[in-house]
Amino acid sequence: LYIDLPGVAKQDVDIEIDAHGAHLLVRAVSKLITAEDDEKYHHTERKFGRFSRRFRVPKQCDTEQIAATMENGVLMIVIPKCPH
């Protein structure tokens with residue numbers, strides 16, 4: 001899975017698998033960056049708030065070996081297939 005999370009810090013991302021191993025839940029918080037007292041903006045387009053997505057995990061996947069990395073605002077989650 002690739003998830004774009006611009007402006008989200010790695011420590012503000014939470015990934016968990018449900019008790020049955022059927023769903024992967026990704027939650028993140030993008031914090032509002034406020035201007036200093038001496039700075040003024042005419043316009044900003046930065047989104048902030050909570051992000052939450054649930055993904056179904058196929059039964060043939062090894063949920064014990066899920067790995068995640070985050071680089072340049074992109075979260076990459078690898079869910080390997082079970083060995084046969």
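A: Two strands pair if DSSP finds at least two bridges between them, and strands themselves are DSSP runs (E, at least two residues), just as helices are runs of H or I with at least four residues, all numbered from the N terminus. This is a predicted model, in which local features need pLDDT of at least 70 and side-chain atom pairs count only at pLDDT 80 or more, while totals for chains, interfaces and linings use all residues. Residues are numbered from 1 along each chain as its sequence is written, and side-chain values use heavy atoms, with hydrogens and water left out.

Q: How many helices and strands does the chain have?
A: The chain has 0 helices and 6 strands, so that, read from the N terminus on, its elements run β-β-β-β-β-β.

Q: In what order do β2, β3 and β4 stand in their sheet?
A: These 3 strands form an open sheet with the order β2-β3-β4, and the pairing is antiparallel. At the edges stand β2 and β4 (49–56), each with a single partner strand, so one side of each has no neighbour in the sheet. Neighbouring strands of this sheet are turned by 10 degrees against each other on average, direction ignored; the axes behind such angles are lines fitted to C-alpha atoms, for helices over the stretch in contact, and angles run from 0 to 180 degrees between N-to-C directions.

Q: Over how many bridges do β2 and β3 pair?
A: They pair in the antiparallel sense over 5 bridges. Along this pairing, isoleucine 15 stands opposite valine 26 in β3, and glutamate 16 stands opposite leucine 25 in β3. In a regular strand the side chains alternate between the two faces of the sheet. The two strands β2 and β3 also form a hairpin with 5 residues between them, and in its turn glycine 21 has a positive phi of about 70 degrees.

Q: How many salt bridges does the count come to?
A: Side chains of opposite charge can pair when their charged atoms come close. The rule asks for a side-chain nitrogen of Lys or Arg within 4 Å of a carboxyl oxygen of Asp or Glu, and by this rule the count comes to 2 salt bridges. In one of them, arginine 27 meets aspartate 14 at 2.9 Å, N to O, and this pair links strand β3 with strand β2 (residues 13–17) across 13 residues of sequence. Glutamate 16 forms a salt bridge with arginine 27 too, with the closest N and O atoms 2.7 Å apart. Because glutamate 16 lies in strand β2 and arginine 27 in strand β3, that pair ties together parts 11 residues apart in sequence.

Q: What relative accessible area does arginine 27 have?
A: Its value is 34%, which counts as partly exposed; buried means under 20% relative accessible area, exposed over 50%, and partly exposed in between, using a 1.4 Å probe and protein chains only. Aspartate 14, at 32%, is partly exposed, and glutamate 16 is partly exposed at 35%. Buried residues make up 23% of the 84 residues in the chain.

Q: Which residues have the most contacts inside the largest nonpolar core?
A: Such a core is a set of buried Ala, Val, Leu, Ile, Met, Phe, Trp, Tyr and Cys residues joined through side-chain atoms within 4.5 Å. The largest one has 13 residues, and Ile3, Leu5, Val13, Val26 and Leu75 have the most contacts inside it. Two or more residues come from each of β3 (23–30) and β6 (74–78), and β3 gives the most, with 3 residues. Leaving aside its neighbours within four places in sequence, leucine 5 is in contact (heavy atoms within 4.5 Å) with Val13, Ala28, Phe51, Met70, Gly73 and Leu75.
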